[in-house]
Amino acid sequence: MEITLTTPALLFPAISLLLLAYTNRFMALANLIRSLKKRYATTHSHLVFGQIENLRTRLVLIRNMQALGISSMFGCVFCMFILFAGYDTTGKYLFGLSLLLLLGSLGLALREIQISVNALTLELNDLEEETEKN
């Protein structure tokens, strides 16, 4: 397989959009945590505390997703530099590493989404239980 200087550049738009999506998720979670913290301070609800703990786990995942995504972008840029310098074999390996980092980031994103869906399922189950009591 031949790799040119433009091959790693093809990942730039995808990685940039992923990082933007990750940042938006982070900001939404940060706002939700702040509001739940205020709610917990007044109610001391066990359910709210559990939600905050769940969000803490998701924040760690998002941080790691961002780190792997940024590392992938860094690897692509470094790969372009190495290819520009004429080291084709090293450039191929760097590009492969960048792809692996991107895969890791996407895998963490999938895990974070699964946790999010589980949390929403618990919330909906709690709502159904309250409705059945009334």
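This is a predicted model: local features need pLDDT of at least 70, side-chain atom pairs count only at pLDDT 80 or more; totals for chains, interfaces and linings use all residues.

Colleague: You mention α4. How many residues does α4 have, and how far does it reach from its first C-alpha to its last?

Modeller: Helices here are DSSP runs of H or I with at least four residues, and strands are E runs of at least two, numbered from the N terminus. The expected span of a helix is 1.5 Å times one less than its number of residues, and for α4 that comes to 68 Å. The model is close to that value: α4 has 46 residues and reaches 68 Å.

Colleague: Which helices do the buried residues of α4 pack against?

Modeller: The buried residues of α4 include G91, L94, F95, L102 and E112. Contact here means heavy atoms within 4.5 Å. The partners of these buried residues are α1 (6-9), α2 (11-43) and α3.

Colleague: E112 is on that list. What is the relative accessible area of E112?

Modeller: E112 has its place in helix α4. Beyond residues up to four places away in sequence, E112 touches R25, L29, R58, L61, I62 and M65. E112 is buried, and its relative accessible area is 1%.

Colleague: R25 is one of those contacts. Which residues does R25 itself contact, leaving aside neighbours within four places in sequence?

Modeller: R25 lies in helix α2. Its relative accessibility of 31% makes R25 partly exposed. Leaving aside those neighbours, R25 is in contact with R58, I62, E112, I113 and S116.

Colleague: How far apart are the end C-alpha atoms of α2?

Modeller: With 33 residues at 1.5 Å a residue, α2 should span 48 Å. Its buried residues are L11, I15, L19, Y22, L29, A30, I33 and L36, and they pack against α1, α3 and α4.

Colleague: Are α2 and α4 roughly parallel or roughly antiparallel to each other?

Modeller: Axes are lines fitted to C-alpha atoms, for helices over the stretch in contact, and angles run from 0 to 180 degrees between N-to-C directions. The axes of α2 and α4 come within 12 Å and cross at roughly 30°. Angles under 35 degrees count as roughly parallel, over 145 as roughly antiparallel, 65 to 115 as roughly perpendicular and the rest as oblique. α2 and α4 are therefore roughly parallel.

Colleague: How many nonpolar, polar and charged residues are in the contact of α2 with α4?

Modeller: From α2 come L11, I15, L18, Y22, R25 and L29, while the α4 side includes F95, L102, E112 and I113. Ala, Val, Leu, Ile, Met, Phe, Trp, Tyr, Cys and Pro count as nonpolar, Asp, Glu, Lys and Arg as charged, and the others, Gly among them, as polar. By those classes, the contact of α2 with α4 has 11 nonpolar, 2 polar and 2 charged residues.

Colleague: And is the crossing of α3 and α4 left-handed or right-handed?

Modeller: α3 (residues 46-84) and α4 (residues 88-133) pack at about 165°, with their axes 8 Å apart. That makes α3 roughly antiparallel to α4. A crossing is left-handed if the near helix is turned anticlockwise from the far one by less than a right angle, and right-handed if clockwise. The crossing of α3 and α4 is left-handed.

Colleague: Finally, what is phi of H44 near?

Modeller: H44 lies in the loop between α2 and α3. This residue is exposed, with a relative accessible area of 55%. Its phi is positive, in a residue other than glycine, and near 50°.

Technical notes. Residues are numbered from 1 along each chain as its sequence is written. Side-chain values use heavy atoms; hydrogens and water are left out. Buried means under 20% relative accessible area, exposed over 50%, partly exposed in between (1.4 Å probe, protein chains only).
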